[in-house]
Amino acid sequence: MPEIDTKQAPQSGLSGIIKEAINSPLLVPLLAILTAMVVGGVIIAMVGGNPFAAYLGLAQGAFGSFKALSETAVWASPYIFAGLAVALAFKGGLFNIGAEGQLALGAVTSAWVGYALPDMLGITLPPILHISLTIGAGILAGALWAAIPGALKAYTGGHEVINTIMMNYIALNMVSFLLNGPMKDRTPGNVIARTPEIAESARIPIIFEGLRVHWGFVLALFIAFLAWWLLWKTTVGFEIRTVGMNPDAAKYAGINVKRTIVLTMALSGLLAGMAGAIEVTGLNYRHELGFSIGYGFDAIAIALLGKTHPLGVVLAAILFAGMRNGGTRMQFLTQIPVDIISVIQALILLFVAADAIIRYIYRIKVEEERVTLTRGWGG
Amino acid sequence: MTDNNIILQARGVTKRFPGVLANDKVDFDLKKGEIHVLLGENGAGKTTLMNILYGLYHQDEGEMLVNGVAVKVDSPNDSIALGIGMVHQHFMLVPVFTVAENVMLGDETTRRGILDRKTVSAKVKELSHQHGLDVDPEALVGQLPVGIQQRVEIVKTLYRNAQILILDEPTAVLTPQEADELFVIMRGLTARGVSIIFITHKLKEVLAVADRITVMRSGRVVGTVTPEEMNEAKLASMMVGREVILKVKKGEAEPKEKILIVENLEVQDDRGVEVVRGVSFEVREGEILGIAGVQGNGQTQLAEVLTGLRLAKKGSIFMNGKDVTGKTPRPIIEAGLAHIPEDRQRHGLVLGDTVADNLVLCTYYQPPFAKWIVIQQEAVDANARKLIEEYDVRTPSPFVLTSKLSGGNQQKVIVARELSRDVKLLIASQPTRGLDVGSIEYIHKEIIAMRDRGIGVLLISAELDEIMALSDRIAVMYRGQIVTTVDAKKATREELGLWMAGSHA
Amino acid sequence: MDWRRFGFIFLVIAVLFGVVVAIGSKADSPVLIITSMLATTIAVATPLTLGALSGIFCERAGVVNIGIEGMMLGAAFFGWLAAIYMNTIFGFAPLPSLLIGVLFAMLSGGLFALLHAVLSVTYKVDQIIGGTVINILAVGVTGFLNRQLFFEKGSIFGGQVPHAPGVLPRIQIPFLADIPVAGRIFDQQPITIAAILLVIIAHYVLFYTPWGLRTRAVGEHPRAADTVGINVAFMRYANVVIGGMLAGLGGAYFTLESVPSFEPLMTNGRGFISLAAMIFGNWSPFGAWAASLVFGTAQALQINLQFYRPLIPDQWAFLQNSYIVGLAPYILTMLILTGIIGKTTPPAADGVPYEK
């Protein structure tokens, strides 16, 4: 059979630049976002609103001032971690829908170390130590919670999709129990299911006076870089990606596939747990029931929009954070309910997942590698 | 130009796939009651042409005529209605259905909406008996031996009153004796007026069975000839377009120490059925031991156990002096194993990854490719460039995805990876399946070179010719046991065939 | 179904029943408790049964469908919306409104399923990602519309949830419902009865009709089906849409039969548990129904223990905690998936997009 010519020489001039842009991996996600916003605009118009005013309000609220940028960064921090969690799992051929449960347990565990540890030990802890322990507890909880379905998949073949979803419900039940019971905030007059506030020494310092953005955001960017380094520059990452692409060949070549699966899930849970820990130590200084709802699905959308690459995840997380943040301003200015954001995000995900639809609409031809998660379904 | 005997004709058929011209203005005709062999190497376009005739593909240009009348075949429904039936190379049978269910699928007989299994069973029994193809309608196809499954496929076409039968590489899964039986059945069919197109790449059977032969090469018809005017060598050069050396150049073997000792190996398959029942053999450095046998007699599971992918129930394996029984793949590879797997795309390569990464698939964690857990990319790249040149892998760059390479070059990547290590034993399973003649010659040369370098080779292949050409000693595997081991120089095809069919006590 | 699985199901159900009887027999007779539990079990197993049937039709044809949860949620909302619309805006009587609601629920399920089919069969998107997209879409759309239509001033319903037309009335099966005490098992609502009938119909269709044979062929070896002239894409589309309508009927249970109102996320994982029931039942209708009954029993246990709360002895105080008892279905699901209770075999081409 004749050889297939694969690499074309880079072309010069304007046509070359346009061709490069068309083949760039950013194009389809950008067009997906654009298309979703158009459809969202149509829906807004259908319920009687003005799409342009709505999107203007959205942009204003997301990026329109230092305060807006700060708020967006604050929302982006847990999104980055959660998105990385799902993206890492995807790279390993696994679908971690359990990010929500891992996040919640990470948050609750962090909160406990945050408020209970100084009392237990009877001393005040230096912030560096306390923050490290708090976050450390959270990531450990998340890692463990994800390692369980990971082990089940590796050693019994139980598909991680259903198992992580079940773990979500179990985690939610456990957290409800804890927040309504032993961990409930007992300050007089409080009826909300939440933990007490964590100690001062456990709180991540803010970066600028007067703004809420904290060093956790910087940590998130650093961890994203670390994730990239792990996946493409280390033997561990090589094993994770190879198992993700072809577990049969990986086994053949001597890679311990079972161990890699558990490790991948544990790392994924670690990142999700960190998302919860950052929420607690950087944002709310406690964990409140219901705060983690929706992160799981958002993380999936962010991971797919970012094409499961750490850099893409960071960009997608900032976009989603901006939308979430700007949505409140949009609602304030134009009375359009903030729920339209969820619909737009769902549409973005739809168009990104079925990028063939986007390619058909805009007549683009791009070769994409296909993700396969249905391996091992049903035993 | 009207030959009233021509029952099926293809005129000017052209078919393009992305990057490949599979059929290039092909003309082909079939006379009533003849066995017309379509000969060509892997990738010549034979199956594509037949798929077009059968309605699975649509031609880009050209037309098809049945009994002199132009017809449009858009789907198998059309071809079935025209009396064309096809038995594919890989069986189109649903393993969990019975024979009767498979036969009636798509053409179900019903009584008041319910499947009428009784009527179909009776008809299948009668039809199969009539043509000497007896099958049990109620048997589950997945549990039938491969030779019987093929009969079911043929019965399927006769059930639909096929007058034209296309057989795509039917002898790939048969012993020489079973192939002879198939030829008898075919002659019986043609005597009843059925016309047969027989696709193959095996030169020997062509001369035995054909009334006419059409040779295809790179998508074009090279010529149509009769067996009387041909011999194997002439056919081979028509197939490949140049002089083909049919015999592999091989010097004397100089076997030394035993590098692989297998004792009383018992292995179960995934369903718990015993497929390797007490196998013992040894391979020495510097010799090639060929394991002959039709697929499905335990060879696959044997290879899996030897390479650490499956646990044996009983028995022991010694490699390079070490006990590797029950070990995982990594320690076995580190002990000096090189493995060319049967299913190269599934087990041998990560298609979604680059050629460079695939070339270090077994060694990425060792120096110089890694320092602690950090990958040394320059070493990986240098290694890739070296091997690509050494093994003549046709690829624009080391960073191309392996999925883009041709079958032959994909196999070369595997060979390069496996043989460039410091190895003591090579286990090669079906190493040239589906490859073009050039690649086959290359791999055979490499295997002999390995042997001459003092490496022990275990060759597992269903192609008897390949076994006979390469091996120093030949063991035949039948129903999970080694039924005989002979010196390759003394073995004959007929004798081996009998052993492969279990005909020797 | 093999004996190991049957034995496990029997054992679990017996144990769960036993716990409730042990506690409640101080107040009521064991027979009363058992029949009450049985009646409840059959009712609450309904969405699981329908979800599992939905999964069976999709997966037997080779398409993995984890979007059942989203299809149910969407159907619960749109069916309820239609019923309220008919009742409030068009002035229909409650029963016709509810029946129209059921119809719209099934339509909604079918439409979501059509989207899933387009993604999976035509665009060959990974089917698990596609199913997740359906779930996210359902949550987003139902949340948005719920807020928009019922909680915003100026919307059609005036910013208030209107008085819903209730739930579907119970049907007493003649003769059987008149049996004293045990009769209440046969006093069920329409969707529950329909679910049981559909199990029988599904079994018949799958294993005794040409449609079923072709569906199974397409899920086991689509190329073989293709070569005998079966249109693989059409079979997959059709079965996925049928599955969607079954999931839609399951969704209707929540808002038209169980409680007369809609809560965001009210399906609460039932769609996913249905998948476990399907797997445990080895992709067969009766097997899936039996597995649904196990989960249903766990739920019935939770409900009945509410009645007998004061009677729970102190050693078993943890049973009073609804969070802990509520864990039962989820842990059960995970246990089943480990395959301890027997290996299961999905259709061979399940989840694999068909390329010609």
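This is a predicted model: local features need pLDDT of at least 70, side-chain atom pairs count only at pLDDT 80 or more; totals for chains, interfaces and linings use all residues.
**Entry 1: chain A overall**

I started with the make-up of chain A. I counted 15 helices and zero strands in chain A. Next I looked up burial. Of the 379 residues in chain A, 57% are buried. Then I turned to contacts in chain A between residues at least 6 apart in sequence. Of these, 78% join residues at least 24 apart.

**Entry 2: α5 and α12 in chain A**

I picked a helix pair in chain A. Helix α5 of chain A covers residues 99–121, and helix α12 of chain A covers residues 295–305. I noted an angle of about 125 degrees for their packing, with the axes 7 Å apart. Oblique is the label for α5(A) against α12(A), because of that angle. α5(A) passes α12(A) in a right-handed crossing.

Which residues make the contact between α5(A) and α12(A)? From α5(A) I listed A99(A), E100(A) and L103(A). From α12(A) I listed Y295(A), G296(A) and A299(A). By class, the residues of this contact are four nonpolar, one polar and one charged.

**Entry 3: α4 and α6 in chain C**

I then took a helix pair in chain C. Helix α4 of chain C spans residues 68–89, and helix α6 of chain C spans residues 127–150. They pack at an angle of about 20 degrees, and their axes are 7 Å apart. The cut-off for roughly parallel is under 35 degrees. So α4(C) is roughly parallel to α6(C). I recorded the crossing of α4(C) and α6(C) as left-handed.

I wrote down both sides of the contact. α4(C) supplies E69(C), G70(C), M71(C), L73(C), G74(C) and F77(C). They meet I134(C), N135(C), L137(C), A138(C), V139(C), V141(C), T142(C) and N146(C) in α6(C). The residues of the contact of α4(C) with α6(C) sort into eight nonpolar, five polar and one charged.

**Entry 4: chain A against chain C**

I moved on to the contacts between chains. How many residues of chain A are in contact with chain C? I found 40 residues of chain A, in contact with 43 residues of chain C. On the chain A side, the elements that give two or more residues are α6 (127–156), α7 (160–180), α12, α14 (339–353) and α15 (355–362). α7(A) has the largest share of that side, with 10 residues. I also checked the classes. The side of chain A that touches chain C has 27 nonpolar, 12 polar and one charged residues.

**Entry 5: chain B against chain A**

Here I looked from the chain B side. 30 residues of chain B are in contact with 21 residues of chain A. The elements of chain B that give two or more residues to this side are α10 (329–334), α11 (344–348) and β20 (374–375). I sorted the residues of the side of chain B that touches chain A into 18 nonpolar, seven polar and five charged.

**Entry 6: domains of chain B**

Last, I looked up the division of chain B. Chain B is divided into domain 1 (6–240) and domain 2 (278–500). Taken over C-alpha atoms, the centres of domain 1 and domain 2 of chain B are separated by 33 Å. What does each domain give to the contact? Domain 1 of chain B gives 10 residues, and domain 2 of chain B gives 12 residues. I noted the classes for the side of domain 1 of chain B that touches domain 2 of chain B: five nonpolar, four polar and one charged.

Definitions and conventions. Residues are numbered from 1 along each chain as its sequence is written. Chains are lettered from A and ligands numbered from 1 in the order in which they are written. Axes are lines fitted to C-alpha atoms, for helices over the stretch in contact, and angles run from 0 to 180 degrees between N-to-C directions. Helices (H or I, at least four residues) and strands (E, at least two) are DSSP runs, numbered from the N terminus. Angles under 35 degrees count as roughly parallel, over 145 as roughly antiparallel, 65 to 115 as roughly perpendicular and the rest as oblique. A crossing is left-handed if the near helix is turned anticlockwise from the far one by less than a right angle, and right-handed if clockwise. Two residues are in contact if their C-beta atoms, placed from the backbone, lie within 7 Å. Ala, Val, Leu, Ile, Met, Phe, Trp, Tyr, Cys and Pro count as nonpolar, Asp, Glu, Lys and Arg as charged, and the others, Gly among them, as polar. A residue is buried if 20 or more other C-beta atoms lie within 10 Å of its own, exposed if 12 or fewer, and partly exposed in between; C-beta atoms are placed from the backbone. Domain bounds come from an automatic or database domain assignment.
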